[in-house]
Amino acid sequence: MKNKAFKVLAMVMVAGTLLTGCGGPSTPSGTYEKSGFSFNFDKDTVIVTEGENSLSCDYEMDEEGNISFELRGTQYTCKYDAENDVINFWGEQYTK
């Protein structure tokens with residue numbers, strides 16, 4: 001009985017690992033900043049801050065790491081480099 005329970009537990013752990021690894025592309029998390037400008041990413045939202053001003057909105061990310069969001073009627077796009085964990089926006093890199 002003990003051996004059977006161990007096998008079931010092992011199978012559940014392997015299945016969980018496989019499902020986690022197949023969850024799609026990595027997504028940004030936390031705050032990426034440079035020179036008083038930052039992006040703070042949560043699961044579905046991003047807070048864009050410049051100095052004392054902040055705006056929050058939903059964002060979408062495609063398979064290639066392109067992130068699109070809209071602030072005050074203007075559409076913006078940035079790119080998430082998962083390998084280096086940086087955001088590229090208008091030729092600048094934003095880091096944690």
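This is a predicted model: local features need pLDDT of at least 70, side-chain atom pairs count only at pLDDT 80 or more; totals for chains, interfaces and linings use all residues.
Me: Nice. Which residue does E92 form a salt bridge with?
Reply: With K34: the closest N and O atoms of the two are 2.5 Å apart. E92 belongs to strand β8 (residues 92–94) and K34 to strand β1 (residues 30–34), so their bridge ties together parts that are 58 residues apart in sequence.

Me: OK, how many salt bridges does the structure hold?
Reply: There are 2. Besides the E92 and K34 pair, the side chains of D85 and K96 meet in one, at 3.4 Å from N to O.

Me: Where do D85 and K96 sit in the chain?
Reply: D85 is in the loop between β6 (74–81) and β7 (86–89), while K96 is in the segment after β8. They are 11 residues apart. D85 is partly exposed at 26% relative accessibility, whereas K96 is exposed at 58%.

Me: Switching topic: how many disulfides does a search of the whole structure find?
Reply: It finds 0.

Me: Then how far from C57 is the nearest cysteine sulfur?
Reply: That sulfur belongs to C78 and is 9.7 Å away. A disulfide needs the two sulfur atoms within 2.5 Å, and C57 is in no disulfide. C78 is in none either.

Me: Are those cysteines buried or exposed?
Reply: C57 is buried, with 11% relative accessibility. C78 is buried too, with a relative accessible area of 3%.

How values were computed: Residues are numbered from 1 along each chain as its sequence is written. Side-chain values use heavy atoms; hydrogens and water are left out. A salt bridge is a side-chain nitrogen of Lys or Arg within 4 Å of a carboxyl oxygen of Asp or Glu. Helices (H or I, at least four residues) and strands (E, at least two) are DSSP runs, numbered from the N terminus. Buried means under 20% relative accessible area, exposed over 50%, partly exposed in between (1.4 Å probe, protein chains only).
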